[in-house]
2 protein chains.
Amino acid sequence: MARAIIAGSGALPQLLLQAGSAHVVAFQGVELQVRDAPVIPARFEQLGGLFEALRAQGVDELCLAGAMTRPQFDPSALDETTIALLPRLMAAIGQGDDGLLRSVIELLEDEGFAVRAAHELRPDLVAEEGGLAGIPTSQHQTDATRARAVLDALGPLDVGQGAVAASGQVLGIETLQGTDAMLDFVAQTRPGSGGVFVKRPKPGQDLRVDMPAIGADTVRLAAKAGLSGIEIAAGSVLLLDRGTVLAEAEAKGVAIWAAP
Amino acid sequence: MARAIIAGSGALPQLLLQAGSAHVVAFQGVELQVRDAPVIPARFEQLGGLFEALRAQGVDELCLAGAMTRPQFDPSALDETTIALLPRLMAAIGQGDDGLLRSVIELLEDEGFAVRAAHELRPDLVAEEGGLAGIPTSQHQTDATRARAVLDALGPLDVGQGAVAASGQVLGIETLQGTDAMLDFVAQTRPGSGGVFVKRPKPGQDLRVDMPAIGADTVRLAAKAGLSGIEIAAGSVLLLDRGTVLAEAEAKGVAIWAAP
């Protein structure tokens with residue numbers, strides 16, 4: 001059978017295509033960064049048409065990858081299948097972005113598609129426990145423990161995929177605005193230098209929906225914020241991609257390691 | 001007997017002087033904003049001299065008020081009493097700012113002085129439960145509940161005197177850099193508008209050390225961040241001062257209320 005990547009923006013869809021031949025589903029309005037793959041164009045108003053097109057290609061496995069903004073919705077363009085799904089979709093929209101995506105996944109499963117997380121297709125994009133770049137110091141470990149305690153405390157509230165601590169002080173806690181905004185805040189406001197950025201999924205987070213990721217830009221922003229260490233959760237934070245992330249870490253003198 | 005205000009910068013020392021006649025202890029390097037009060041000059045290296053001066057004035061009650069930065073310390077200027085206290089002070093310095101101040105308070109108590117919190121001298125500077133400006137909406141209450149949940153979760157970690165939520169989303173969590181930096185971050189990065197800033201002491205926080213406060217500037221920054229509500233903890237957040245805070249709130253259309 002066959003696989004399709006429902007592609008958002010960013011580098012991840014192309015990296016997943018390297019895991020084996022696959023179709024790419026391109027929703028209207030998404031700026032694709034993929035090449036050399038058969039594209040199935042799609043509209044959110046016409047899910048019935050999309051399901052048919054997927055089945056016609058023998059697709060039974062889907063992977064949602066990359067960032068997607070909430071679409072503009074043209075009610076006059078709805079097909080019959082989508083109209084039938086509307087009550088479910090409308091209820092889901094009220095549950096925030098994660099809730100919406102989880103509902104979309106359930107809906108895809110009900111249609112008979114298996115939905116895979118990115119790291120199931122490319123296990124090499126996540127890290128096993130251990131060092132990745134540089135050598136973390138005991139101060140790094142202390143700061144990482146502090147940042148992790150913050151994330152553990154906030155997890156049940158569905159807040160926080162990232163936090164920054166330095167010399168035992170918490171300098172940044174990720175909110176809706178995301179990692180880059182937080183690292184930028186730390187760069188602009190922090191006293192001193194050194195410290196660690198910890199990135200983990202929230203407890204119970206569906207990794208098929210919104211897998212945490214770091215890229216070379218993350219390393220650059222962390223270095224700009226005066227940080228000298230990045231801890232990611234082993235097995236559940238994507239390195240996009242590993243080569244450029246680790247090269248940037250070596251260049252900036254930032255240690256990176258994966259913790260359980 | 002008599003009272004002395006150990007005065008840092010800001011408006012609070014002057015407001016406390018209005019609670020009744022008192023001496024002002026002015027440590028070297030502090031920019032005082034007080035008038036019409038007898039000043040006792042002091043140096044951190046010469047605590048023995050300070051204690052003598054206080055006793056000579058019959059002072060038995062102290063109140064630490066206003067912001068103080070960590071002093072430069074000239075070892076050659078140490079008096080005998082301070083040298084004897086050094087091991088205690090050095091140990092306290094390792095415990096962070098709050099730990100240091102708590103140790104200073106213990107030390108002052110051991111010297112026979114009673115140490116009072118600002119709101120013990122001026123109960124009118126804190127608010128009783130209820131509305132202070134404008135009328136909070138049910139959305140305000142929902143957002144305040146969300147922000148409060150974040151602060152409750154972080155309290156045991158000694159993090160967070162403030163948080164911002166809007167439309168159920170957490171947009172800012174106060175870290176070492178303080179309230180103004182967080183509100184500025186929210187102003188620069190948030191989507192949409194509306195939402196609530198919640199300010200509370202951390203659970204178990206010694207209000208004689210570091211009482212949370214909001215001023216007219218806080219209201220201005222909250223409004224600039226698109227927020228339309230501020231919730232403070234009843235009885236334990238200072239309004240500096242009430243008149244200017246509430247006038248600014250009315251001017252900016254920001255509701256303020258005190259919650260238990």
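In this predicted model, chain A superposes on chain B by a rotation of 180 degrees with 0.1 Å of shift along the axis, at an RMSD of 0.1 Å. A:Ala153 is the residue of chain A that comes closest to the axis, with its C-alpha at 2.7 Å. Residues are numbered from 1 along each chain as its sequence is written, and chains are lettered from A and ligands numbered from 1 in the order in which they are written. Local features need pLDDT of at least 70, side-chain atom pairs count only at pLDDT 80 or more, and totals for chains, interfaces and linings use all residues, while side-chain values use heavy atoms, with hydrogens and water left out.

The interface comprises 24 residues of chain A in contact with 24 residues of chain B; contact means heavy atoms within 4.5 Å. The two chains bury about 2,000 Å² between them, 69% of it on carbon and sulfur atoms. Buried area is the accessible area (1.4 Å probe) that two parts lose on being put together, summed over both. A:Leu176, A:Gln177 and A:Phe185 supply 27% of the area that chain A buries against chain B, more than any other three residues. The copies meet through the same surface, because 100% of the interface residues of chain A are also interface residues in chain B.

Nonpolar side chains tend to be buried together in soluble globular proteins. Here, the largest nonpolar core has 58 residues. Such a core is a set of buried Ala, Val, Leu, Ile, Met, Phe, Trp, Tyr and Cys residues joined through side-chain atoms within 4.5 Å. Buried means under 20% relative accessible area, exposed over 50%, and partly exposed in between (1.4 Å probe, protein chains only). The residues with the most contacts inside this core are A:Ile230, A:Ile232, A:Ile256, B:Ile230, B:Ile232 and B:Ile256. Apart from it lies another core, of 31 residues, among them A:Val198, B:Val150, B:Leu157 and B:Val196.

Helix α2 of chain A spans residues 47–56. Helices (H or I, at least four residues) and strands (E, at least two) are DSSP runs, numbered from the N terminus. A:Leu47, A:Gly48, A:Leu50, A:Phe51 and A:Leu54 are buried in α2(A). They cover an arc of only 160 degrees around the axis, which puts them on the same side of the helix. The arc is taken over the directions from the helix axis to the C-beta atoms. A:Glu52 and A:Ala56 are exposed on the face turned away from the buried side.

A:Glu61 lies in strand β4 (residues 59–65) of chain A. At 16% relative accessibility, this glutamate counts as buried. Its side chain makes a polar contact of 2.7 Å with that of A:Arg3. A polar contact is a pair of N or O atoms within 3.5 Å; within protein, one must be able to donate a hydrogen and the other to accept it, and residues adjacent in sequence count only if both atoms are side-chain atoms.

Most residues other than glycine have a negative phi, and most peptide bonds are trans. Phi of A:Asp36 is positive, near 60 degrees. The peptide bond from A:Leu240 to A:Asp241 is cis, with omega near -20 degrees.

Conventions: Least-squares fit on C-alpha atoms with pLDDT ≥ 70 in both.
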